[in-house]
Amino acid sequence: MTPETMIKTNGISKTVTTTQGQLQILKPISFEVKAGESIAIVGASGSGKSTLLSLLAGLDEVSEGEIYIDGQAMQNMDEEKRAQLRGAKVGFIFQSFMLVQSLTALENIMLPAEIAGRDDAKKRALHILNLVGLDHRASHYPNQLSGGEQQRVAIARAFISEPKILFADEPTGNLDAANSDKIEKLLFELNQNSHTTLVLVTHDPVLAGKCQRQLHMQAGELKEVFTHSPYEQTARQVG
Amino acid sequence: MNKLLDKWVNDMTNYTLSLAWRLFRHETKRGELTIILLAIILSVASVLSLSLFSERLKYALTEKSAEFIAADRVLESNKPVELAWIEKAQDMGLNTAHQTYARSMVFFKENMDLVDLRAADTGYPLKGTLKVADEPFTQGIAIDRLPTSGEAWIESQLFQTLAMTIGDDIEVGDKIFRVSKVLTGVPDAGFSVFGGDPKVLILKSDLAATKVEGPGSRIDYSYFFTGESGVLDDYYDWLEPQLDREIHDWNSIEDDESGIGRAVGRAGQYFLLASLLAIVLAAVSIAVAAQRYSMRHYDPVAIMKTLGAPKKMVQQIYLLQILFITALGIIIGVIFGFIIQQLVVAAIAGKVDVSIDVWHWRPLIISIFTGTVCAVLFSLYPLMKLFSVSPLRVLRRDLGANLSSRLIQFVASGGAIFMLMWAYSQNVKVSAILFISGIILVVSLLGVTYGLIWVGRKLGQGRMGAWQLAWARIHRRAMDNSVQLISFAVTIMLLLIVLVMRNDMVQQWQNQLPQGTPNYFLVNISQAQQPNLQQHFVTNQVEIDKFYPVIRGRFVAVNDEKVLTAVSKEDPDAQSNGRDGLGREANLTWSNTLQKGSEVIAGKWLGENNNSDTATQRPYEVSIERGIAERMQLNLGDKLTFNIGSEIVDLNVTSIRNVNWQSMQPNFFFVIEPRALKSFIPTYISSFNLPTERKSDITQLMQPFANVTLIDVDARINQLRSIVDQVSMAVEFILILVLAAGALVLIAQVQASMDERQQELAILRTLGAKGSLIRASVVFEFIIIGVVAGAMAAAANELSLYMLQTQIFQMPASLHLEYWIIAPLAGALVVGILGALGCWRLLSLNTSQLLRQMV
């Protein structure tokens, strides 16, 4: 693995046990993602996108194969080590926002920094809250915010720890068109500014098209890989 | 353990603490913790108020009851004890007093009578008061001194038998005493009506001059002690090794087998039971609330884990939260418990004439312990489930906890309940009975519930109306509903137990002393007098009870062994209360019918033995009282020999009876078959009730029958009745407290189940179902659950009550058929209303609010 490779998978697969026996939901997949690159995992519902994301993010264990995140072999790690890795290098954005309902917007943003034991959690959170344009909503609870605002809080939370990789699962899936645009714009802007590697799961071709590469999943297999010029894409996106 | 704890605390970062605190603060503010907090508050408040109240009341009753033995503790002895023993007690700060009892003849002119001579020294009675009057058979008033030297106070009946008046002199042994007062009450009189000879009270220092203490005389000595309970126990610990069981007997009111002792004992057990059930109720509500709390935190845990929080950090955050909740719950619970208890005390202050203002620490410690153990142990399994939530839940929303075994839950919850019961009651038997019947109940209810749900669904198939929707919902979540149903059933059952026990117990107490209970007894009515006396009473409009024939018999032998040897070791005369006066002479009666309140516990009642063919040859049958049988080591088939008049009569023990000594009815140790005593001429005894306002008629009523002895037990009955009334009243309040606790548990359960229903209601709402349909279906669902739970509770109630009444309360078991109707109806009503209220809250939100509230 070259130093600039952020994610490397080597024949990873996932098999689950069902009442009918073993079912391979992800067939062996190998690919690499370079640091700072943005990739979209696309495919129909049930194609295995989210499963792949969960393996890459260390939320689930591979049945076979190897995953290296920033050079660290994840398949050898237990849940604790993987959590440590996620805390240090990974940020997340989810379709259903996944904010802690009993914490305010500001506290939700502070959460990863606090988990990591950073002293400047609040200062950083306030700064980033300002960046996403929600400084006036700092003390609001998630259910007092609109969907778009909740997702902005989630984005702010994802970036507070300056992650090396950002995993986004259908980040605009629950939003209307206007909010989707805003979120997409914010996401790519922050991604570019912080040189984060972005792995985005979506079935929205337009959103996928804004990424430098696309991995197409079909029935648990990685079918095609489309590559775009990063500069052209980013220019179109941000400009 | 300490090392582990230290490591745990050291590992905890400031962020963990601050995060846990912030989560706790926000969740409290947002009402997320309301149910679990309420459950802890409830457990602490109910345990504190119940146990503090019962402890105070028990203390008050014991104080009052102590008056019946004239002290907190009494050392009875048939020899004078060493002076050093008494000095030791005084050195320890105890108050002491002493009284000597002798049976002696008293003479007035040519008349004489056997009396119970009591010589008391200064300080007697340490508890309770002496009562005296200036005229026989009148109401006495309390007096706070003893007779002076040369003075004697004697009971009313002695004025009658000796035909004397106040101011006359009587001879007791070698000394002459001036009778200055009528003795109407001594605290340690006991409750036996016929045992006692009339009492004569003199000063201890006068006893020697009478010379009644001498070889062959029957003298007993009582040493009275009062003081702090702990000091009394310490003193007994010091004294015990020096006591000789054959000579000494150490007594407290708890050992008292009289009506008071039993009433206090039984009330204590009832309070204990009520408190135990309150603990179980609180535990159930904490378990329900903790489960709900855990499920509502699956997402936050998954999020934290996803964001890199190590497992230990998550554990610390939630354990800290539980600690915060527990601490807050305990603080509020203690305040509430104290207020409730104070309100109850204030409410009964005017009715219970004993001070109940003594603070006890034990209830406070117990309630804090209960709150902590309940909160921690009942949260354990839900928390373990919570910790096992996979971070993958952030992507796969349907993922729950990974912990599937419920064994830990059952072991932790069951263990916690049993531990609490045991710790609290310090009575393995009560705890085990409740616990085992609880387990049997839960297991059998689970089976029944499954069956009912299956049958209900089959019957309910068809067009989707409210009933069908209700059954469909119950059926779909059969396991959840079974658990819910069982918790409803258990709650209703526990309430029923407390309610029914209270009713049965109070009823029994009141039955013992119904209005019109005889307050006078007539002894020594001759056969010739009997019809006249009966007529005289009818004329004077006083209802007189049945006449019982009595013959005095002298014990000669047991199984041909001379009775002096046979009974000397376990001499019944050394016993107080019901056994006084038995000695070598006993009152014998005959009857073919078993007395009311008596029960044959071994053998067959007189005449029921199947040997009528040889009726004339067979030995005469006698039925003996259980206590005397035990004391004298008599068994079925033993031969008792009595000397009656000048004849020797052999009697064969054919039955042993339990006699209710609390009944204030004439009771006998020996009941003989009538044919044995055909040739003897008996005297009769009877009893009657004379209302207080007619008390002054007594002299006129008794005038024509000078030889008949009148025994006035009015004061004793009033004392007994006042205690019973107070205990009954206290029991009522305990019942109300437990009912309130039960109601709160039901509310917690319904609210918790409403969470589960929220999603379904939102979907139905979204699909356009009318509010009325949804409301009706939820109400029907709860009504069905309420009816079934009520019916199951009624069944389980019978079983538990049977065990409790027969094993713990020593009461006759009884069936409670009315509750088979009341319980399902009440279940349907209460659970239905609670369901409707919970549903109304959800339906008052619009659909988008409903959906948004779903975490």
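**Note on the two-chain model**

1. The buried residues of H1(A) are A:Lys49, A:Ser50, A:Thr51, A:Leu52, A:Leu53, A:Ser54, A:Leu55 and A:Leu56. That is eight of the eight residues in the helix, so H1(A) is largely enclosed by the rest of the structure. Just past the end of H1(A), A:Gly58 has a positive phi of about 75 degrees. Bear in mind that this is a predicted model.

2. Chain A has 239 residues, and 49% of them are buried. Its secondary structure comprises eight helices and 10 strands. Take the contacts in chain A between residues at least 6 apart in sequence: 69% of these join residues at least 24 apart.

3. Chain B has 855 residues, of which 45% are buried. Chain B holds 23 helices and 22 strands. For contacts in chain B with a separation of 6 or more, 85% come from residues 24 or more positions apart.

4. The crossing is right-handed. From H3(A), the contact uses A:Ala105, A:Leu106, A:Ile109, A:Met110, A:Ala113 and A:Glu114. From H4(A), it uses A:Ala121, A:Lys122, A:Arg124, A:Ala125, A:Leu126, A:Ile128 and A:Leu129. This contact has 10 nonpolar, no polar and three charged residues.

5. H3(A) packs with H5(A), residues 147-159, as well. What is the angle between H3(A) and H5(A), and how far apart are their axes? The angle is about 30 degrees, and the axes are 7 Å apart. The two helices are therefore roughly parallel to each other. H3(A) passes H5(A) in a right-handed crossing. On the H3(A) side, the residues are A:Ala105, A:Asn108, A:Ile109, A:Leu111 and A:Pro112. They meet A:Val153, A:Ala156 and A:Arg157 in H5(A). By class, there are six nonpolar, one polar and one charged residues in this contact.

6. Two residues of H3(A) deserve a look in the viewer. A:Ala105 and A:Ile109 are listed in the contact with H4(A). A:Ala105 and A:Ile109 also meet H5(A).

7. Last, H6(A), residues 177-193. At 1.5 Å a residue, its 17 residues should span 24 Å; the end C-alpha atoms are 24 Å apart, which agrees. Which residues of H6(A) are buried? They are A:Ser180, A:Ile183, A:Glu184, A:Leu186, A:Leu187, A:Phe188, A:Leu190 and A:Asn191. Just after H6(A), A:His195 takes a positive phi of about 50 degrees.

Conventions. Residues are numbered from 1 along each chain as its sequence is written. Chains are lettered from A and ligands numbered from 1 in the order in which they are written. This is a predicted model: local features need pLDDT of at least 70, side-chain atom pairs count only at pLDDT 80 or more; totals for chains, interfaces and linings use all residues. A crossing is left-handed if the near helix is turned anticlockwise from the far one by less than a right angle, and right-handed if clockwise. Helices (H or I, at least four residues) and strands (E, at least two) are DSSP runs, numbered from the N terminus. Two residues are in contact if their C-beta atoms, placed from the backbone, lie within 7 Å. Ala, Val, Leu, Ile, Met, Phe, Trp, Tyr, Cys and Pro count as nonpolar, Asp, Glu, Lys and Arg as charged, and the others, Gly among them, as polar. A residue is buried if 20 or more other C-beta atoms lie within 10 Å of its own, exposed if 12 or fewer, and partly exposed in between; C-beta atoms are placed from the backbone. The expected span of a helix is 1.5 Å times one less than its number of residues. Axes are lines fitted to C-alpha atoms, for helices over the stretch in contact, and angles run from 0 to 180 degrees between N-to-C directions. Angles under 35 degrees count as roughly parallel, over 145 as roughly antiparallel, 65 to 115 as roughly perpendicular and the rest as oblique.
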